[in-house]
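Have a look at the picture first, then read on.

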Amino acid sequence: MSRLRIFDESRPHSPLTVLDDHAAIAAELGRIGVRFEQWAATQPIVPGASQDEVIAAYRGDIDRLMGEKGYQAVDVISLTPDHPDRATLRQKFLSEHTHSEDEVRFFVAGSGQFTLHVDGKVYDILCEQGDLIGVPDGTRHWFDMSESPYFVAIRLFTNKEGWVANFTGDDIAAGFPRMQTKQ
């Protein structure tokens, strides 16, 4: 189940608000300019489906966003708990950073935790299968996929080179809760 926890930036162990209703999460994130939607596939997707098959299943929503926001590229990323570089990949995203373009991710399967640092608050969003998150360019944030990652995600980019991070040097991310592996 998707979840939003909002913290004061100086109190990482006591959320001010916890929401698990998708409409309430979308409304709260909308206040800070973050897009949060749910998408449904237009055709079945089998485990191991190709990138083209995954994109085809969500083509209508992808085209809508590309038209609205001018995204130029789309791809699919997949990570499983047995990936040999999972710890290195996880570490790459755990420090606070920004991008010069929106960071848009749609979770086809699995989950991931985006944490945003905006105006003295920290917004911790657990994204699950069916969730799309669009983090506006320049937003301070970090991402956690847990020690045992599992997700398939569609990524949309304005920059055809893809993901480029600008690290802030702030160690705030280290003090906030990490994504827990589901039992």
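## Ground rules

This is a predicted model, where local features need pLDDT of at least 70 and side-chain atom pairs count only at pLDDT 80 or more, while totals for chains, interfaces and linings use all residues. Residues are numbered from 1 along each chain as its sequence is written, and side-chain values use heavy atoms, with hydrogens and water left out.

Gln-113 sits in strand β7, residues 112-118 (strands are DSSP runs of E, at least two residues, and helices are runs of H or I, at least four, numbered from the N terminus). With 2% relative accessibility, Gln-113 counts as buried (buried is under 20% relative accessible area, exposed over 50%, partly exposed in between, using a 1.4 Å probe and protein chains only).

## The nonpolar cores

The largest nonpolar core has 22 residues, and Leu-4, Leu-29, Tyr-123, Ile-125 and Ile-133 have the most contacts inside it (such a core is a set of buried Ala, Val, Leu, Ile, Met, Phe, Trp, Tyr and Cys residues joined through side-chain atoms within 4.5 Å). Apart from it lies another core of 18 residues, including Trp-39 and Ile-62.

## Rings that pair up

The whole structure has 9 aromatic pairs (ring centres of Phe, Tyr or Trp, the latter by its six-membered ring, lie within 6.5 Å; planes under 30 degrees apart are stacked, over 60 edge-to-face, the rest tilted). Phe-7 and Phe-176 make an edge-to-face pair, 5.4 Å centre to centre with 75° between the planes. Both Phe-7 and Phe-176 are buried.
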